[in-house]
Amino acid sequence: MSSIRDAFDGSKVQEGLADACSFTPDHTHISLVARGVDGFVVINGSDMNRDPFDDAQISQIFMIFAETVDEYRAVDAATLRLAVGAALAGMWTPCGAVDPCPFDQHVRGATRMIFNMHVPGWGFEEARIKFKSDNAGEIFCGLSWLTLNGESRQPYSFQINAAAATAPAEYEFALFVQASQDAGNQVTRLIIDPKIHVIPPM
């Protein structure tokens, strides 16, 4: 049994999450994370109802996202969200859900979930993601650093797969982020505490 110390250790991947999946995802859900001057910005979209994303399309989404965040680095979160949404219009199917936590996720069917962060000096820790639900291992698998066009995106992007649900369910989880200040001379761990809403396929 893992200890409280293990649970908060950003270097320890949750047991079973990196195991190979017994299913192939039907589509890809992307969560883009940035920071405005007054808080986080999380923009979610997918290839739902369109051709499946390939590496080139995902790379292009990341590039446009990063360029937009850099261009609007001095604005508030609401303005940054609008700018990113406009820049990515037509490239994906946006998720319009409004949740108590901006990091909450909504996935439908067997899904490859990708998390990508563009905050200077920040990246995901080795643990990346941990679930609080005892049965999360029945739903989530395949945790790995994202590789695009043969190149690893560690520590800025990772993927994990969610199996198709037979009934709506919520899974509480933690995102592990390493945040630096003063060009990396000061480093701390952030643990962000959202939910994944898993919805049966239509």
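1. A pocket is here an open set of grid points, on a 1 Å grid over the protein atoms alone, with protein on both sides within 12 Å along at least five of seven lines. In this predicted model, the second largest pocket holds about 340 Å³ of space. Its lining comprises 18 residues, and those nearest the centre of the pocket are Val42, Asn44, Arg81, Cys95 and Ala97. Both β2 and α3 supply at least two residues of this lining, with β2 giving the largest share, 3 residues.

2. The strand β2 also belongs to an open sheet of 6 strands, in which the order is β3-β2-β1-β5-β10-β7 and the pairing is mixed. The edges are taken by β3 (93–94) and β7, each of which has a single partner strand, so one side of each is left without a neighbour in the sheet.

3. Within that sheet, β1 (residues 27–36) and β2 (residues 39–46) run antiparallel and are joined by 8 bridges; Gly36 has Gly39 of β2 as its bridge partner. Helix α2 (residues 55–71) packs on the sheet, where it touches β1, β2, β5 and β10, and its direction makes about 15° with that of β1. Helix α3 (residues 77–87), in turn, lies across β1 and β2 and runs at about 25° to β2.

4. Which residues of the largest nonpolar core touch the most other members? Among its 31 residues, these are Ile129, Phe131, Phe140, Ile160 and Leu175. At least two residues of this core come from each of β5 (111–117), β6 (122–131), β7 (140–145), β10 (157–162), β11 (169–181) and β13 (195–199), and β11 gives the most, with 5 residues.

5. Phe140 deserves a separate look: leaving aside residues up to four places away in sequence, Phe140 touches Leu17, Met113, Phe131, Ile160, Asn161, Ala162, Tyr171, Ile196 and Val198. There is also a second, separate core of 21 residues, which includes Val41, Ile58, Leu80 and Trp92.

Technical notes
Residues numbered from 1 in each chain as written. Predicted model: local features only at pLDDT ≥ 70, side-chain atom pairs only at ≥ 80, totals over all residues. Heavy atoms only, no water. Core = buried A, V, L, I, M, F, W, Y, C linked by side-chain atoms within 4.5 Å. Buried < 20%, exposed > 50% of the residue type's maximum accessible area, 1.4 Å probe, protein only. Helix = DSSP H or I, 4+ residues; strand = E, 2+ residues; numbered from the N terminus. Contact = heavy atoms within 4.5 Å. Pairing = 2+ DSSP bridges. Axes fitted to C-alpha atoms, helices over the stretch in contact; angles between N-to-C directions. 1 Å grid on protein atoms, 1.4 Å probe; cavity = no way out; pocket = protein on both sides within 12 Å on 5 of 7 lines; lining within 4 Å. Points joined across faces, edges and corners; volume = space filled by probe spheres on them.
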